[in-house]
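This briefing is meant for someone opening the structure for the first time. Please keep the sequence and the 3D view at hand while reading.

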Amino acid sequence: SIASQMGGFLLYIASRNQGGFLLFKFNFYKAMSEIIYQKICDLLEKEGARYEVLKHKAEGQCDKVSEIRGNKIEEANKALVVRAKKKDGQNDYLLLALRADQKADFSKVGEYQEVRLCDPAKVEELSGSVVGSVPPFSFNPQLRVIADPLLLQNESFWFNAGLLDASIRLNSEDYMRIAKPEVRDIAESK
């Protein structure tokens, strides 16, 4: 689709200005990412979570953003959005939350015929965030969260909060209480 080729859905708005037209460009995915970030912050405040926000240079790769934040890679989260095809041909969409130093083992996700990463446009549609900024929360009833237990072994963990230039460190117990993910071993064995 054009939206995925351009990295987001763009709306062009024409406005009359002194006999001519001005063209305004509005990126829906950037706006959605801002909304997701604000929803997370509002939810954590409302629920009395122990967290901190860090604004930083835009980065979506776990190792690089961990370096920017100054945390160990195993203290960071990575969130993967996948399509899990059932035997009847229907799809489930899952958000897999695991430590950034781990790789997902799709065979452990559940009894599905096939599990694949979603393309960037589908990730944005389901999570409201661009690839690299997907938080371990879902505000979409079509996107179920599964968290690996190793992610929760640290007292807290870092994640990109819907934006490439904003991270949150969240207490692991508060994450469990607020996000209520299904907890399942989904990481490759080392």
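Is Asp185 buried, partly exposed or exposed? Asp185 counts as partly exposed because its relative accessibility is 43%, where buried means under 20% relative accessible area, exposed over 50%, and partly exposed in between (1.4 Å probe, protein chains only). This is a predicted model, in which local features need pLDDT of at least 70 and side-chain atom pairs count only at pLDDT 80 or more, while totals for chains, interfaces and linings use all residues. Residues are numbered from 1 along each chain as its sequence is written, and side-chain values use heavy atoms, with hydrogens and water left out.

**The sheet**

- An open sheet of mixed pairing is formed by 5 strands in the order β6-β4-β5-β7-β10; strands are DSSP runs of E with at least two residues, helices are runs of H or I with at least four, both numbered from the N terminus, and two strands pair if DSSP finds at least two bridges between them.
- Because β6 (114–117) and β10 (182–183) each have a single partner strand, they stand at the edges, and one side of each is left without a neighbour in the sheet.
- Strand β4, which covers residues 77–85, pairs with β6 in the antiparallel sense over 4 bridges, and Val82 stands opposite Leu117 in β6.

**Helix α4**

- Asp119 caps the N-terminal end of α4, with a side-chain oxygen 3.0 Å from the backbone nitrogen of Ala121.
- Within α4 (residues 120–127), the buried residues are Ala121, Val123, Glu124, Leu126 and Ser127.
- Gly128 follows α4 and has a positive phi, near 75°.

**Salt bridges**

- The count comes to 14 salt bridges, each being a side-chain nitrogen of Lys or Arg within 4 Å of a carboxyl oxygen of Asp or Glu.
- Lys108 forms a salt bridge with Asp185, and their closest N and O atoms are 3.2 Å apart.
- Lys108 lies in the loop between β5 (91–99) and β6, whereas Asp185 lies in the segment after β10, so the pair ties together parts that are 77 residues apart in sequence.
- Asp92 and Lys86 meet through their side chains in a salt bridge (3.5 Å, N to O); Asp92 counts as buried at 19% relative accessibility, whereas Lys86 counts as partly exposed at 29%.
- Another salt bridge joins the side chains of Arg116 and Glu114 (2.9 Å, N to O), where Arg116 is partly exposed at 48% relative accessibility and Glu114 is partly exposed at 27%.
- A network of salt bridges links Lys46, Glu47, Arg50, Glu173, Asp174 and Arg177.

Definitions and conventions:
Polar contact = N/O pair within 3.5 Å; in protein donor to acceptor, adjacent residues only side chain to side chain.
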